[in-house]
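Hi,

Here is the structure I said I'd pass on. Have a look, and my notes follow below.

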Amino acid sequence: MWVELLERNGKYYVLLRHEEMNKKPVAQFVSTVEIEAANVAKYMARHNKCFVKRTSGGITEPELPPQPDIEG
């Protein structure tokens, strides 16, 4: 398992990756600020006891997790 910090089109995506994962990655966090995304990636790596892998580009953008429905 590792945390991937992916830079694409001016956005920084934080993804939690597994070796056996074959489906499209889902971003756990998205930001336009590199330092903010790097801090979240470091926190997730410490919490899951794994490493951070920095990448850029890629063929497709990661999916975003579903947003909760807030009814008031």
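A definition to start: I call a residue buried under 20% relative accessible area, exposed over 50% and partly exposed in between (1.4 Å probe, protein chains only). Bear in mind that this is a predicted model, where local features need pLDDT of at least 70, side-chain atom pairs count only at pLDDT 80 or more, and totals for chains, interfaces and linings use all residues. Residues are numbered from 1 along each chain as its sequence is written, and side-chain values use heavy atoms, with hydrogens and water left out.

On confidence (pLDDT, the predictor's own, from 0 to 100 for each residue), the protein has a mean of 85, with 92% of its residues at 70 or more.

Now the helix. Helices (H or I, at least four residues) and strands (E, at least two) are DSSP runs, numbered from the N terminus. H1 spans residues 34–48 and has the highest mean pLDDT among the elements, 94. Its buried residues are Ala37, Ala38, Ala41, Met44 and Ala45. They sit on the same side of H1 because they cover an arc of only 125° around the axis, taken from the directions from the helix axis to the C-beta atoms. Facing away from that buried side are the exposed Ile35, Tyr43, Arg46 and His47.

Cheers
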